[in-house]
Amino acid sequence: MSNPIDLVRADLRDFSGYRSARSEKVQGQVWLNANEASVPNAADGEGRLRRYPDPQPEALRTRLAALYGCEPSQLIAGRGSDEGIDLLVRALCEPGNGAVVTTSPTFGMYAICARLHGVRVVDVPLREAGNEFVCDYAAVGDAALAASARLVFLCSPGNPSGGALSLDAVSDLCTLLADHAVVVVDEAYAEFANARSAVSLLDVHPNIAVLRTLSKAHALAGARIGSVIADARLIEVLRRCQAPYPLPAPCVDMALHALDDTSQARTRSLIANTLSERVRLANQLPLLASVRNVYTSAANFLLVRFDDAQSALDALLAAGIVVRDMRHLPGLHDALRITIGRPDENDRVLAALANVAVAA
Ligand SMILES: *Cc1c(COP(=O)(O)O)cnc(C)c1O
């Protein structure tokens, strides 16, 4: 089993990062080491925000690790999984020289972070088969080896494709790339899928990294709490590349509250509602004359092709409904992505689309 540290940028392997005032483990009653104010702001009643926050609060890390099925040492929390993507690119890819592999159509941030870091993006498009997109794992492996890519970004369930990947195939890809690349599995929508998490592969494959977030199923997009789950040695490296105080204290408090037993029970029942609405929409949409194809989804959205996507978009907008236009993505020139809403919202979507004129 190889050491994932070998996949970290050579110039960062001994990089210790910024040593913040919080990183020194010392005891005391009078804290004058971080240039914080000595009296709270008038707006900050009990002074909860006067001090810099704990960079990685143990309570939050422990909760998230329990939620995702890993050890706290295998998890780093940050400002959304967006930050996780950025950290991985910066820690593993040599600026101006490295490469990452993506599988389009996919989440745009992989390519954005790569581009900002001066890293080449090698795309291995998903293949379309009926109402699914499938990953060509062999081609992904070949492309990663050929480009000496340090990162492969997979998304399961895929955004916007909706489908979940086979863990066996992901495991084989990790084996193939063991000494070459970290395989990232972005599981932003995992709570909506009836599938085992790639976190379960971590014991066997030190070159896997899983992204999870509280932004989607946990309804906390505004709190910006996401996680990278990976080998503890790699997590340590990511931590040294991260900003000194990445987690605002009010967001940490909110996340802990959202992960208590009561909140989690409610989250589970809301997920169940979303799943039944997904079934309803997936059954109803194909009956509409304007709809050409609805892709199988394991997430909280549906990717839909239309005979005339512009007319569909216009009809939705006229009804005050905003969906995501996907037509700029290669191969999706006629597609919209529709988030599963509340039942009344989904009724409005169906009603608006029922009015779309169909070309003769
Ligand atoms: C929404 C989304 C994210 C971003 O999540 P944050 O935790 O809010 O940054 C990451 N990956 C995919 C595939 C997403 O759709």
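The structure holds 20 salt bridges. A salt bridge here is a side-chain nitrogen of Lys or Arg within 4 Å of a carboxyl oxygen of Asp or Glu. Side chains of opposite charge can pair when their charged atoms come close. The model is predicted: local features need pLDDT of at least 70, side-chain atom pairs count only at pLDDT 80 or more, and totals for chains, interfaces and linings use all residues. Residues are numbered from 1 along each chain as its sequence is written, and side-chain values use heavy atoms, with hydrogens and water left out.

One of these bridges joins Arg212 and Glu191, with the closest N and O atoms 3.4 Å apart. The pair links distant parts of the chain, 21 residues apart. Arg212 lies in strand β8 (residues 208-213), while Glu191 sits in the loop between β7 (182-186) and β8. Helices (H or I, at least four residues) and strands (E, at least two) are DSSP runs, numbered from the N terminus. Arg212 counts as buried, at 9% relative accessibility. Glu191 is buried as well, with a relative accessible area of 17%. Buried means under 20% relative accessible area, exposed means over 50%, and partly exposed lies in between (1.4 Å probe, protein chains only).

A second bridge pairs Arg280 with Asp347, the closest N and O atoms being 2.8 Å apart. This pair also links distant parts of the chain. Arg280 belongs to helix α8 and Asp347 to helix α10 (residues 343-354), 67 residues apart. Arg280 is partly exposed, with a relative accessible area of 25%. Asp347 is partly exposed too, at 39%.

The side chains of Arg327 and Asp325 meet in another salt bridge (2.8 Å, N to O). Arg327 is partly exposed, with a relative accessible area of 25%. The value for Asp325, also partly exposed, is 25%. Elsewhere, salt bridges that share partners join Glu128, Arg292, Arg305, Asp307 and Asp334 into one network.

Helix α8 also holds Glu277. Glu277 counts as buried, at 9% relative accessibility. Leaving aside residues up to four places away in sequence, Glu277 touches Ile340, Gly341, Arg342, Pro343 and Asn346. Contact means heavy atoms within 4.5 Å.

Helix α7 (residues 249-258) contains several buried residues: Ala249, Cys251, Val252, Ala255 and Ala258. Their cover includes α1 (58-68), β9 (225-230) and α8 (261-284).

The ligand is surrounded by 14 residues. The closest are Ser81, Asp186, Thr213, Ser215 and Lys216. By class, the shell has five nonpolar, five polar and four charged residues. Ala, Val, Leu, Ile, Met, Phe, Trp, Tyr, Cys and Pro count as nonpolar, Asp, Glu, Lys and Arg as charged, and the others, Gly among them, as polar. Helix α2 (residues 80-92) gives the most to this shell, with three residues.

Taken alone, the ligand exposes 380 Å², and the protein buries 93% of that. Accessible areas come from the Shrake-Rupley method with a 1.4 Å probe.

Technical notes: A residue is near a molecule or strand if one of its heavy atoms lies within 4 Å of it.
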